[in-house]
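Below are my notes on the model you sent. Please read them with the coordinates open.

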Amino acid sequence: MTEQAAADSRDVLLRVDNLVKYFPVRTAGFIQRTVGHVQAVDGVSLTIARGTTLGLVGETGSGKSTLARCIAGLIPATSGKVFFDGKDITNLPRRRMAPFRRDIQMIFQDPYGSLNPRRRVGAIIGDPFAVHKTVPAGERKRKVQDLMERVGLNPEHYNRFPAEFSGGQRQRIGVARALALQPKLIICDEPVSALDVSIQAQVLNLLADLQQDYGLTYLFIAHDLEVVRHVSVSVNVMYLGRICEAGPKNPVYETPRHPYTAALLSAAASADPEAAAARQRIILTGDIPSPIDPPSGCRFHPRCPKAQELCGIEEPPLEGKAGDAATHLTACHFPVAAGEKLATAGRREQA
Amino acid sequence: MALLDVADLTVSFPTPDGVVRAVRGVSFRVEPGQTLGIVGESGSGKTVLTQTLIGLTPGADITGTAVFDGTDLLRLSEAQLRRVRGARISVIFQDPLTSLHPLYRVGWQIAELIRAHQDGVAKVSKTEAQQRAVELLGRVGIPRPERRVDDYPHQFSGGMRQRAMIAMALALEPRLIIADEPTTALDATVQAQILDLLLRLQQESDTALILITHDLGVVADIADDVMVMYAGRVAEQGTKHQIFYEPHHPYTKGLLESIPNSSVASDRLRPIPGQPPSLINLPAGCAFHPRCGYVLDRCVIEEPEPRHVGTEGGQISACWLPAAAAGVGEAAEELREQVVREGRSGAAVEVAQAIAANPEVV
Amino acid sequence: MSITELNWQAQTVEDLAGRTIEGRSQWQLTWRRLRRDKVSMASLAVIIAMILLAIFAPAFASLVHHPANTAYPIAGESAAGQPVAPGTNGFWLGTDDTGRDLMVRVFYGARISLFVGIVTTAIATVAGVAIGLIAGYFGGIVDTILARFTDAVLAFPYVVLALALAVVFGPSLTIIIAVISFFSWAGIARIVRGQTLSLKEKEYIEAARSIGAGPFRIMFVDILPNLLAPVLVLATLYIPSAVVFESTLSFLGLGIQPPTASWGNMLAAAQNFYQTAWWFVLFPALALLITTLAFNLLGDGIRDAMDPTTERLLAARRKARRGGAQ
């Protein structure tokens, strides 16, 4: 079955329902008062079909990392639900979450921070075996070495420390650790952002191979649009805690309907000078607002080239727009029409 | 005459484990008003190169020359360098949060810079310097500069802080700005704003810009000329068009092929196998040969010197492949394969087998 | 080039030379750097010498035929009843106020001092690390209670407690060890708590939680190894404090009682003899000084050996100063 068909068939492995996560902002001192909330994730719903990759794109303050951690159960959600394989795993206490931890794993962004520098690599990769007691101590070494080989590491380096590996190799160690318990879903939080360009491709290929071999499902979070396009089947674009556009990747990339998506795509630096010169440049004004005090109505409206009065009052629902595929959803009152040039656009003249 | 002419620059660091040869014989020129993009990954030496130009590498062994506007920067004393820094050459760093002093107001920092460089001939008063700071903040697109000038760095967002750094870099109207990964820590939309700003300012004031980055997209956007560095040496130099569309050096080609590119849709990327080498223990011959798909016997023994390649002129590559083997066309590829067939019978065979055996990891 | 990249460069050199390495742990690297530091090596030698002298004190006593607690009123005292000078009558360092061999007693004092120093530091370290870890990791109400308790202990005047205990139970070695341990763990706990608070935020701890590791596993398998380095430095610097602490208590009469030799009580007795028998004051004091100095220098050395960044910075500055203008 092609990836697209799998996505459409709605064999859903992960479903998130209106997830909200607010962090309280407290005054300092012995008795603390809550003076506000960081509205990191403000009502996000999404689904991931089994065996596919959902790409989650967003900039700073979009809430994508917080969302990932809520799904993984590392942070308790303020409200909303997370369903894994049909079961409700929202805010489960540690013991009841334990069996799900085998099925949901994470790969982290920082190859230098996500591995304990004082532990040997074999111990790090074998940690899941020890914690869940699935493999007796005598057999662990062999299993770990199998994993190391699978991800492209030399199994003889079992007793080395993370400091003795390069960034790309450390990410592979992280991947091996995530694979140990044969999970169903792997949440990849910017797994290649901190790596050199030529190593990124190695790790991306590895992730693709593993997905094929083991039937893995990925939630792939990144800020690099080209990388996301390469790995994903479906894409969700987040802005300031909400999803502004979602759908299969080709429609979203080729005919973005939300002005933010269009701006993001125009800002994506492509390694092609002629394409770079020719593309529509949508330069947004201002900076990303703080999630403590987000704008009213549509959160993007203060920076949006198409904003009108309605946008500051009413939050647009995430829904399909006329002329789009059923699965292409946009949260915008005045979506971008095909071929439309946005107000601040214009070809840049080379001097 | 070139604004900056660097010839055969070599920088080494003695460490307890051996000598780290960070930069090995790099030569390049920057013309007034031009933008040079220096591209490289970790260990390429790009940051050490520019830090050495302005004297920020104490304790290093440095040889070669770097003539800026008639003076050799490498022969200047610390006092002389201080007069050059900020005034004639300014630097924009990657993380503006750590390069701006957190305890002083932004406007004050800019004003202080202006006043510190006065020559005694034209004394700039505090008010005038402050005025200039406000002007500069406005020029870099900070809204309501007369109010923001009294803010502290932590009150600025990431993009605004970078703009403030650019304002500081422009304050004394330098002839050359060195920007070291200026947008790497920024979001995509903010990055677009900053690049746009840099280009506009540069065109307004005819300042030359050296932009160091690992992001080929940024270079494709605003550079005129491009220099690709690998393991402390220049792998390839040329105009933007030549580097992106007619690459000669296999490393350049490899980089371009390993980036996900919407115009070339495929399931698998073509990464460069292996890792960048240790700068203490470099491979013999060409530093890139253990990872090169076109390795020849000669490459294992002799390190190639940069020479002219390609059809237009001005393109330089440090590679043993013939000068005509540039670009991604069929003819060039056939030429390469022919040379490989003829030139690979000894040591290179093993290297090629090692790469083929484990294409992802060498 | 970042420090991390340079570090990685340095550590991969060995396998290019063809040697297979098990994995160079932090300890091996620290030891390598420590070996090159002459001051630390000298201090280590002094400490080892002290320990050997302490262990072999009885052997030494029988060598010179002067048991530690035996007074020699004839050979060991002058006509006026004063201690004899070093070198007289076979007393290498002279005698004390009751004619006992000073040198033998100094060595016996080392036994007490080193024993107390090491045992109390060990107890304090174990207790301090455990409490600091738990307080730092769990946070919340657990942290509040433990942290306040730690602060209270730090603020408490130890002399008063020692005095009270000495009055009630009579002064003894056990009292000393109890008192010193009780007041030492708090300083360690406070530092460990601080370290734990910052380590808790590291990504690899998050990774451990994402695998499903429970809090105790995380504390002891993931956080503790990262604490060992600063704790080792701390412990090495606490030993001399404990030694001085014991000497102080013994000096005040609250600790080791004569005739058992302790540098503290020897100094107490020597107070009145500083004009007439300078050796009686000097040698116990010197022993105390040398021991504490050696541990302090070694502790500093270990701390520097664990932090390679400082070394490179210092080397670069030295080079720059030598090089001058290029």
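The points below go from conventions to the chain contact, the sheet and the helices.

1. Conventions. This is a predicted model, in which local features need pLDDT of at least 70 and side-chain atom pairs count only at pLDDT 80 or more, while totals for chains, interfaces and linings use all residues. Residues are numbered from 1 along each chain as its sequence is written, and chains are lettered from A and ligands numbered from 1 in the order in which they are written.

2. Contact of chains A and B. Chain B contributes 42 residues and chain A 34 residues (contact: C-beta atoms, placed from the backbone, within 7 Å). On the chain B side, the elements giving two or more residues are α7 (158-170), α8 (188-205), α9 (216-222), α10 (240-245) and α11 (250-258); α8(B) gives the most, with 8 residues. Helices (H or I, at least four residues) and strands (E, at least two) are DSSP runs, numbered from the N terminus.

3. Sheet of chain B. An open, mixed sheet has 8 strands in the order β6-β7-β8-β3-β9-β10-β12-β11, where pairing requires at least two DSSP bridges between two strands. Strands β9 (residues 225-230) and β10 (residues 233-239) run antiparallel and are joined by 6 bridges; Tyr230(B) has Arg233(B) as its bridge partner in β10(B).

4. Helices on the sheet. Helix α1 (residues 46-53) of chain B lies across β3 (35-39), β7 (176-180), β8 (208-213) and β9, at about 145° to β8(B). Axes are lines fitted to C-alpha atoms, for helices over the stretch in contact, and angles run from 0 to 180 degrees between N-to-C directions. α7(B), listed above at the contact with chain A, also packs on the sheet, touching β6 and β7 of chain B.

5. Helix α5 (residues 126-139) of chain B. Its 14 residues should span 20 Å at 1.5 Å a residue, and the end C-alpha atoms are 20 Å apart, which agrees (expected span: 1.5 Å times one less than the number of residues). The buried residues of α5(B) pack against α4 (106-116), α6 (145-148) and α7 of chain B. Gly141(B), which follows α5(B), has a positive phi, near 90°.

6. Helix pair in chain C. α11 (residues 215-251) and α13 (residues 278-306) of chain C pack at about 170°, with axes 9 Å apart. The pair is therefore roughly antiparallel (angles over 145 degrees). Residues making the contact include Leu232(C) and Val243(C) of α11(C) and Phe295(C) and Ile302(C) of α13(C).

Key. Two residues are in contact if their C-beta atoms, placed from the backbone, lie within 7 Å. Angles under 35 degrees count as roughly parallel, over 145 as roughly antiparallel, 65 to 115 as roughly perpendicular and the rest as oblique.
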